[in-house]
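Take a first walk through this structure.

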Amino acid sequence: MLLSPIACLAATPEVIHIEIENALSGMSEFVTEPMVSAGRGHTVALKNDGTVWAWGGSWRGQLGDGTYTHRHTPVQVKGLSNVIAIAVGGEHTIALKNDGTVWAWGYNSTGQLGDGTYNDRLVPFHVTGLSNIMAIAAGENHSVALKNDGTVWTWGWNINGQLGDGTKTDNLTPVQVADLSDVMAIAVGERHTVALKSDGTVWAWGGNGYGQLGDGITVECLTPTNSMGLSDVTAISAGYYHTVAVKNDGTVWAWGYNEYGQLGDGTNANRLSPIKIAALSNVTAISADFFHTVALKNDGTVWAWGVNWEGQLGDGTTTDNSTPVQVVGLTDVTAVSAGHAHTVALKADGTVWAWGWNEYGQLGDGTVARSTTPVQTLGEDGVGFLNLGKTVIEDSKDLYTVVFNLNGGTRIGGGELEQNVPQNGTATTPIVAYSGWVLDRWDISFANINKNIVEMTAQWLRLGAISTMGVSVSSADVVWLARHVAGHEGFELDAQDERLVDINGDGAVDSSDITALMRWLVGWELESV
């Protein structure tokens with residue numbers, strides 16, 4: 001099998017995870033990605049130091065400060081550190097720590113705190129029997145967790161089968177969702193639950209009276225069912241009785257209840273299967289709750305639609321909208337969260353902004369007056385303004401040194417490949433790898449630095465075309481190559497006549513040798529070859 005140099009062919013960019021030996025020089029002991037989450041009448045924020053802050057209504061202890069006192073400005077949740085994610089339900093809150101454990105507090109009428117009781121908690125309490133959790137979500141009265149093995153676990157209210165265990169029995173401790181695996185994201189409505197699988201498909205279960213499961217009917221499902229006609233989905237969210245999804249092309253799709261225009265399709269007709277929101281594009285994040293929906297575009301602007309009784313759409317009015325309207329005066333936003341009748345946004349500079357209903361101080365501006373446009377959340381005790389920390393790592397250095405482990409390779413400078421990369425920047429100098437492959441560029445994300453992992457979007461170029469047994473391959477696809485060379489006694493790998501032999505020492509020349517070679521050269525982990 002000869003690889004003849006013909007033209008330089010561009011491969012499809014691939015998102016890969018590579019372990020690094022020295023993550024970032026000069027970073028603090030604990031740095032996490034800031035986030036905000038809005039509930040029925042309270043709001044919660046996660047700082048980049050892993051502490052959690054809350055404000056608004058606390059009639060069930062949902063602020064986690066040990067009291068039932070409503071707060072008009074942020075207070076710190078007691079006894080929590082090293083938190084990496086938060087989620088707010090109707091009147092309860094849950095948090096995920098970096099050790100994979102889940103903690104909950106607030107209202108517990110149906111076991112939504114997962115501690116085996118019906119007792120409300122004024123401060124965080126450890127959820128029973130959960131470990132290795134990577135994501136969490138909270139609904140009106142039930143909670144959901146995603147394990148790092150792709151399984152989903154639920155607890156709390158189960159009147160319509162929203163726990164997905166095949167029953168309608170409430171559970172005071174977590175139970176596994178039946179027949180569901182390979183999940184990468186979760187979302188929770190009032191009586192239904194939604195999961196996004198790694199293949200880009202959406203699955204849902206629970207209440208379905210308005211078609212919120214997206215399966216074309218209005219019959220509740222006690223176990224997961226596929227939402228019709230959806231693929232290539234990258235993000236999901238759920239309101240009370242509607243569901244929304246973002247596809248990898250930046251389009252938004254919605255289904256379910258639509259009396260107030262919360263599906264954004266310009267009508268008030270319920271939809272039993274997903275429909276595209278025509279007026280919206282370039283969306284990167286989505287959030288739905290009660291009867292309104294909010295979207296974040298890649299230019300940092302925020303758009304909203306649906307019910308607007310309290311000004312939760314942020315357009316300066318209280319008029320409902322069945323198509324997206326832009327939130328007034330808000331730019332450079334990195335995250336959004338829709339609550340019951342208010343909305344919260346996080347800007348890139350770490351500041352928090354909110355608008356809509358404010359009866360309990362959930363906007364955090366020190367008042368109980370609603371606002372139809374964004375107001376900035378004040379700091380602790382009303383002093384200054386809340387700042388969750390910048391969404392990129394703060395450091396006096398302009399560059400970070402990223403060291404890739406090449407598993408002992410010696411062809412291109414030994415077992416390490418090192419390059420200085422700006423924060424969230426691009427390495428512009430191409431690195432010529434052995435055997436005709438060129439790493440043209442990479443884009444680094446520091447989202448998982450606490451796990452000593454960076455996410456790298458890599459663009460590969462092939463100096464030549466692959467030709468084997470009379471079949472020409474028009475893309476530079478090393479996965480294809482790895483899956484199709486098994487059984488060959490040997491072959492020339494490139495135009496330099498370099499012969500691939502038993503590189504991994506298992507006694508055979510096959511696809512695993514290609515995997516070993518690519519790890520040896522550039523640290524790339526091939527997918528299930």
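Start at Arg-71. With a relative accessibility of 25%, this residue counts as partly exposed. The model is a predicted one. Arg-71 has a charged partner: its side chain meets that of Asp-65 in a salt bridge, with 2.9 Å from N to O. Asp-65 is buried, and its relative accessible area is 6%.

Other salt bridges share partners. Through them, Arg-40, Glu-91 and Glu-140 are joined into one network. Take the two links in turn. Glu-91 forms a salt bridge with Arg-40, and their closest N and O atoms are 3.8 Å apart. Glu-91 sits in the loop between strand 7 and strand 8 (92–97), while Arg-40 sits in the loop between strand 3 (35–38) and strand 4 (42–46), so the pair ties together parts that are 51 residues apart in sequence. Glu-140 also forms a salt bridge with Arg-40, and here the closest N and O atoms are 2.3 Å apart. Glu-140 lies in the loop between strand 11 (133–138) and strand 12, so its pairing with Arg-40 ties together parts that are 100 residues apart in sequence.

Glu-91 is buried at 15%. Glu-140 is buried at 13%.

Lys-147 is found in strand 12, which covers residues 142–147. Lys-147 is buried, yet it has no salt bridge. What is the nearest side chain of opposite charge? That is Asp-149, 5.5 Å away. A salt bridge needs the nitrogen and the carboxyl oxygen within 4 Å. Leaving out residues up to four places away in sequence, Lys-147 touches Ser-131, Asn-132, Ile-133, Met-134 and Trp-153.

Next comes Asn-108. Its place is in the loop between strand 9 (102–106) and strand 10 (121–126). Asn-108 is buried, with a relative accessible area of 0%. Which partners does its side chain reach? One is the side chain of Asp-115, in a polar contact of 3.3 Å. Another is the backbone oxygen of Asn-119, at 3.0 Å. Asn-108 also touches other residues beyond four places in sequence, including Leu-113, Thr-117 and Tyr-118.

Two loops hold a backbone feature to look for. Most residues other than glycine have a negative phi. Asn-82 has a positive phi of about 55°, although it is not a glycine. It lies in the loop between strand 6 (71–76) and strand 7 (83–88). Phe-290 has a positive phi as well, near 45°. Its loop runs between strand 23 (283–289) and strand 24 (292–297). Asn-82 is partly exposed, with a relative accessible area of 30%, whereas Phe-290 is buried, at 11%.

Finally, step back to the chain. Its secondary structure comes to two helices and 40 strands. Of its 529 residues, 56% count as buried. Among contacts between residues at least 6 apart in sequence, 50% join residues at least 24 apart. The accessible surface comes to about 20,300 Å², and 47% of that belongs to carbon and sulfur atoms.

Technical notes:
Residues numbered from 1 in each chain as written. Predicted model: local features only at pLDDT ≥ 70, side-chain atom pairs only at ≥ 80, totals over all residues. Heavy atoms only, no water. Helix = DSSP H or I, 4+ residues; strand = E, 2+ residues; numbered from the N terminus. Buried < 20%, exposed > 50% of the residue type's maximum accessible area, 1.4 Å probe, protein only. Contact = heavy atoms within 4.5 Å. Areas by Shrake-Rupley, 256 points an atom, 1.4 Å probe, with all protein chains shown as cover. Lys, Arg positive; Asp, Glu negative; His and termini not counted. Polar contact = N/O pair within 3.5 Å; in protein donor to acceptor, adjacent residues only side chain to side chain.
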